[in-house]
Amino acid sequence: MLKGKHIILSVTGSIAAYKAAVLLRLLIKNGAEVQVLMTALGKQFISPLTLATLSKKPILVEFFNPENGQWNSHVDLGKWANLMLVAPATANTIAKMANGIADNLVLTTYLSATCPVFIAPAMDLDMYKHSATQKNIEILKSFGNFFIEPAEGELASGLIGKGRMAEPEEILQVLTQFFQTSTELKGKTFLVTAGPTIEKIDAVRFISNHSSGKMGYSVAEELANRGARVILVSGQTNLSLKNSNIDRINVLSAAEMLEKCATIFPNVDGAIMSAAVADYTIENPSEKKIKHSQQHLTLTLVPTADIACELGKMKTEKQLLVGFALETDNEIENAFSKLKKKNFDAIILNSLNDKGAGFQFDTNKISIIDKNHSLEHFELKPKTEVAKDIVNKIVKML
Ligand code: CTP
């Protein structure tokens, strides 16, 4: 899967450096040619001999070989690489990368590299959470570098939290996915909404729905796999994303989702509205916890804004707007009237009468109706496959 790819693996000074041997082996097994760079501290955590033996290349640490003066050209390395991976990346290296510091070979190569750069942080939970580290990560993201998020778990310090370097298998998956990404939608940007919204009753309670977000996340992944940039505005879900071309913006309420979507929509080529947005919100949510009492409690609900409708009003001729309709009766008729009301170009219909379709399932059964009255029915299939049918339709409509 990585056949013919030139990868620079930069190992910096973290205990997670021990995972670099497995990672290196996986990259090579999958066909990549790997040049390992190490920082001086990285060398203390794992022997260069191990990595040199696995990569069948000398490990590079210094700017030049002190014995014979041979120059380890960071410029040539930067040109050679199809991808640079910094794993593990310490808080120190991340900070230096974000600030253009160039005091070792990993950093000079980073500054010379014109290829995509992936960074897999590894550090203690408080170091990772610290505003300085988070700011540096944001800076690097704004340079277009990709982060492979650390996992939660037991850390070398004995503390438990987020900071463990992603497992080598996960890093391999991210890289193979990156290289597999097709170019069909390259240059296009899509907004996708997904998951449920949460409407606050008081400090601890809320109204929501059973949406898992799986359908919207699958559509976001499929768009990104075909080369699009995706901005995913997501309600609260337990899902994670594989494709690094997806920017996730987390929101809670319908009002928050509307605010984000209205700002993003003018700058995208299309939007796919798969979120299960609450139709009503609490008129006066309480800041404090409402105390238990034997009295009846009446909540006054007021309608939320219809986000899809608002985007439908803003839509230009060049933009696409695709919605979903979850129906229980008169499915096609209701879906078509929603398509017209919200100014959608196409609507994806799910019926709760179909077994295995709708909320919480990993499968879905859809029909797609477009504004030219074309109607296509699809079989029950995994949501990842359903997403392909939806994106095929989007590609045709663009
Ligand atoms: N939608 C939205 N904002 C809302 C309600 C719905 O953006 N406040 C979007 C959904 O994401 C979906 C489409 O509109 O793409 C239709 O949602 P659905 O819940 O099926 O329809 P509603 O308009 O809420 O109508 P009803 O609940 O009466 O069926």
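The model is predicted, so local features need pLDDT of at least 70 and side-chain atom pairs count only at pLDDT 80 or more, while totals for chains, interfaces and linings use all residues. Residues are numbered from 1 along each chain as its sequence is written, and side-chain values use heavy atoms, with hydrogens and water left out.

Buried stands for under 20% relative accessible area, exposed for over 50%, and partly exposed for values in between (1.4 Å probe, protein chains only). Helices (H or I, at least four residues) and strands (E, at least two) are DSSP runs numbered from the N terminus.

| Residue | Relative accessible area | Class |
|---|---|---|
| Thr109 | 0% | buried |
| Glu221 | 13% | buried |
| Phe45 | 37% | partly exposed |
| Asn267 | 63% | exposed |

Thr109 is part of helix α6 (residues 105–112). Setting aside residues up to four places away in sequence, Thr109 is in contact (heavy atoms within 4.5 Å) with Ile8, Leu37, His74, Leu77, Gly78 and Met84. Gly78 is 31 residues from Thr109 along the chain, and their C-alpha atoms are 5.6 Å apart.

Glu221 belongs to helix α10 (residues 214–225). Apart from neighbours within four places in sequence, Glu221 touches Ser240, Leu241, Lys242, Asn243 and Ile246.

Asn267 sits in the loop between α11 (254–264) and β13 (270–273). A C-alpha separation of 9.0 Å is found between Asn267 and Phe190, which are 77 residues apart along the chain.

**Surface patch**

Phe45 is located in helix α2 (residues 42–45). Together with Ile15, Tyr18 and Leu41, Phe45 makes up a nonpolar surface patch with about 420 Å² of accessible area. Accessible areas come from the Shrake-Rupley method with a 1.4 Å probe, and for residues only the protein chains shown count as cover. Patch members have over 30% relative accessible area and no salt bridge; like charges are joined within 9 Å, and nonpolar side chains (Val, Leu, Ile, Met, Phe, Trp, Tyr) within 5 Å. A salt bridge is a side-chain nitrogen of Lys or Arg within 4 Å of a carboxyl oxygen of Asp or Glu.

**Helix pair α1 and α9**

Helix α1 (residues 20–29) packs against helix α9 (residues 168–180) at an angle of about 35 degrees, and their axes are 9 Å apart. On the α1 side the contact involves Val22, Leu23, Leu26 and Leu27, and on the α9 side Pro168, Glu169, Ile171, Leu172 and Leu175. Axes are lines fitted to C-alpha atoms, for helices over the stretch in contact, with angles from 0 to 180 degrees between N-to-C directions.
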